Amino acid sequence: MGGMDTATRQQLIQQYKDGYRVIANALDKATDAELDARPAPGKWTAREIVHHLADSEMNGALRLRILLASPQPQVIGYDQEEYARRLYYDRPIEASLDAFRAARTCTAEILDRMTEAQWQIAGTHSDTGRYTTERWLEIYAAHAHAHAQQISLARNAAKPR
């Protein structure tokens, strides 16, 4: 099974590295009112999205390491809604932003060093089955950018109509 070409991979790695910047920009000068505005019932606030990003990124960083360093990699899924309910997503965002940035920075250093053989590694994901390092990159490269847009929309919900 042929994977993605090198140019596509490099583009995704660059997008992954750019993730913290787009989140920081989306949060620029955010007030508590903007962080806590719920754009619609059942939708996450900007504050909740930041905590989700930290948790997702720490999980993602570990997933890549499991793929690269385990003989038969097993990646375990988790319920992001339960994380939001149980892990105090009403707390300040600074530590979660730091965790998100640090997980991304140290993981990017690994991505830059991965060999062609490492880009062909496949493990098993408890929810989705076959899970490759390339699939990992596709998922996490786009993740922060999608949530940056959500943060902007959520913040706008706080603005007077």
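**Exercise 1. What covers the buried residues of helix 6?**

Before you start, some ground rules. The model here is predicted: local features need pLDDT of at least 70 and side-chain atom pairs count only at pLDDT 80 or more, while totals for chains, interfaces and linings use all residues. Residues are numbered from 1 along each chain as its sequence is written, and side-chain values use heavy atoms, with hydrogens and water left out.

*Solution.* 

Step 1: find the helix. Helix 6 runs over residues 94-113 (helices are DSSP runs of H or I with at least four residues, strands are E runs with at least two, and both are numbered from the N terminus). From first C-alpha to last, the 20 residues of helix 6 reach 29 Å, close to the 28 Å expected (1.5 Å times one less than the number of residues).

Step 2: pick out the buried residues. Ser96, Leu97, Phe100, Ala103, Arg104, Thr107, Ala108 and Leu111 of helix 6 are buried (buried is under 20% relative accessible area, exposed over 50%, partly exposed in between, with a 1.4 Å probe and protein chains only).

Step 3: look down the axis. The buried residues of helix 6 fall within an arc of 135°, so they line one face of the helix (the arc is taken over directions from the helix axis to the C-beta atoms).

Step 4: list the cover. Over the buried residues of helix 6 you'll find, among others, helix 1 (6-17), helix 2 (19-27), helix 4 (46-69) and helix 7 (133-156).

**Exercise 2. Work out how helix 2 and helix 1 each pack against helix 6.**

*Solution.* 

Step 1: take helix 2. The axes of helix 2 and helix 6 are 9 Å apart, at an angle of about 160° (axes are lines fitted to C-alpha atoms, for helices over the stretch in contact, and angles between N-to-C directions run from 0 to 180 degrees). That angle makes helix 2 roughly antiparallel to helix 6 (under 35 degrees is roughly parallel, over 145 roughly antiparallel, 65 to 115 roughly perpendicular, and the rest oblique).

Step 2: get the handedness. Helix 2 passes helix 6 in a left-handed crossing (left-handed if the near helix is turned anticlockwise from the far one by less than a right angle, right-handed if clockwise).

Step 3: name the partners. Helix 2 brings Gly19, Tyr20, Ile23 and Leu27 to the contact, and helix 6 brings Leu97, Phe100, Arg101 and Arg104 (contact means heavy atoms within 4.5 Å).

Step 4: repeat for helix 1. The axes of helix 1 and helix 6 come within 10 Å and cross at roughly 160°, so this pair is roughly antiparallel. The crossing of helix 1 past helix 6 is left-handed. On the helix 1 side, Ile13, Gln15, Tyr16 and Lys17 meet Ala103, Arg104, Thr107, Ala108, Leu111 and Asp112 of helix 6.

**Exercise 3. Which residues of helix 2 are buried, and what covers them?**

*Solution.* 

Step 1: the buried residues of helix 2 are Gly19, Val22, Ile23, Ala26 and Leu27. They cover an arc of only 130° around the axis, which puts them on the same side of helix 2.

Step 2: their cover includes helix 1, helix 3 (32-36), helix 4, helix 6 and helix 7.

Step 3: now step off the end. Just after helix 2, Lys29 takes a positive phi of about 60°, although Lys29 isn't a glycine. Lys29 sits in the loop between helix 2 and helix 3 and, at 71% relative accessibility, is exposed.

**Exercise 4. Buried or exposed? Sort Arg9, Ser56, Ile76 and Tyr88.**

*Solution.* 

Step 1: Arg9, in helix 1, has a relative accessible area of 4% and is buried. Beyond four places in sequence, Arg9 contacts Met4, Glu116, Trp119, Gln120, Glu134 and Leu137.

Step 2: Ser56, in helix 4, is buried at 4%. Again skipping residues up to four places away, Ser56 touches Tyr78, Tyr140 and His143.

Step 3: Ile76, in the loop between strand 1 (74-75) and helix 5 (80-86), is exposed at 57%. Leaving out neighbours within four places, Ile76 is in contact with Arg63 and Ser126.

Step 4: Tyr88, in the loop between helix 5 and helix 6, is exposed at 62%. Tyr88 has a positive phi of about 60° although it is not a glycine.
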